[in-house]
Amino acid sequence: MRVREIAAQLPFVGEQSVSQRLMYMHADGLITRSDVRRRGTYQLSALGESLAPVHHTLSDWSRSHLPSQTMAEAERVEDALGRLNLRHTTAVIQTLGTNGPLRFSHIAEEIGVDRPSARQRLLRMQADGLVGRTGSHHGAPYVLTEAGQALGAVYATVEHWSEPFTTFNASPSPARVAAATRTHTNVPLTGDGARTAAALRRSAAVPNDLFSHVPQPQPRVPATVTARSAPGRGR
């Protein structure tokens, strides 16, 4: 499809925004373009098509554990991603999944951020239905909600999808949780890239049931596809 044809099916998104998003997706190797010099057509690449299991898992998690809302499937996936992709969200989920209920100060220490940043993240996660409190009194420990506890399958699917082009090595970090690193050097660990890597990290030092789900078999991305992929952005 051409940009105009895609935009026509997304009346709530301007054509310029669609064009910009397609440009980023093309740089990330998720779509291909028939002719880069002219107004060619776009279509999903093999890498883009391989995202289907990730989308299905996110949608299933949202449908099962978040408040019921009438929305399109793609909108449901976007909503689920919006709850998970903010910085330090995965670190908080991993910390609570490993240690159980924790007070605010202990969470801030565990994820290695200052207290104002930790408070802001916990308030947002509480509003998003991922964490709750064990009581109403001041200082009551935070705990994962049912939705937060059910995220294991989501992280396993995302990590499985990332395996063909992302691996992790040790990297210095002030945070006490396992640092997120990779050998996919085309994606810098800054900005969106740091959040993406953080969303995939798993602690090698502390076993965690939330981050140890066995992923279901999914289609592998051909090596020829990943070899051609040269992402220009983190996601």
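Student: What should the 14 residues of helix H4 (residues 52–65) span at 1.5 Å a residue?
Tutor: They should span 20 Å, and the end C-alpha atoms are 20 Å apart, so the two agree. Keep in mind that this is a predicted model.

Student: Which residues of H4 are buried?
Tutor: Pro53, Val54, Thr57, Leu58, Ser59, Trp61 and Ser62.

Student: And what covers the buried residues of H4?
Tutor: The cover includes helix H5 (73–84), helix H9 (146–149) and helix H10 (152–162).

Student: New topic. At what angle do the axes of H6 and H8 cross?
Tutor: Helix H6 (residues 89–99) and helix H8 (residues 115–127) cross at roughly 80°. Their axes come within 10 Å. Angles of 65 to 115 degrees count as roughly perpendicular, so H6 is roughly perpendicular to H8.

Student: Which residues make that contact?
Tutor: H6 brings Thr89, Val92 and Ile93. H8 brings Arg121, Leu122 and Met125.

Student: How do they divide into nonpolar, polar and charged?
Tutor: The contact of H6 with H8 has 4 nonpolar residues, 1 polar and 1 charged.

Student: Zooming out, how many helices and strands are in the chain?
Tutor: The chain has 12 helices and 4 strands.

Student: What share of the residues is buried?
Tutor: Of the chain's 235 residues, 38% count as buried.

Student: And how much accessible surface is there?
Tutor: About 13,600 Å² for the chain. Carbon and sulfur atoms account for 52% of that surface.

Key. Residues are numbered from 1 along each chain as its sequence is written. This is a predicted model: local features need pLDDT of at least 70, side-chain atom pairs count only at pLDDT 80 or more; totals for chains, interfaces and linings use all residues. Side-chain values use heavy atoms; hydrogens and water are left out. Axes are lines fitted to C-alpha atoms, for helices over the stretch in contact, and angles run from 0 to 180 degrees between N-to-C directions. Helices (H or I, at least four residues) and strands (E, at least two) are DSSP runs, numbered from the N terminus. Angles under 35 degrees count as roughly parallel, over 145 as roughly antiparallel, 65 to 115 as roughly perpendicular and the rest as oblique. Contact means heavy atoms within 4.5 Å. Ala, Val, Leu, Ile, Met, Phe, Trp, Tyr, Cys and Pro count as nonpolar, Asp, Glu, Lys and Arg as charged, and the others, Gly among them, as polar. The expected span of a helix is 1.5 Å times one less than its number of residues. Buried means under 20% relative accessible area, exposed over 50%, partly exposed in between (1.4 Å probe, protein chains only). Accessible areas come from the Shrake-Rupley method with a 1.4 Å probe; for residues, only the protein chains shown count as cover.
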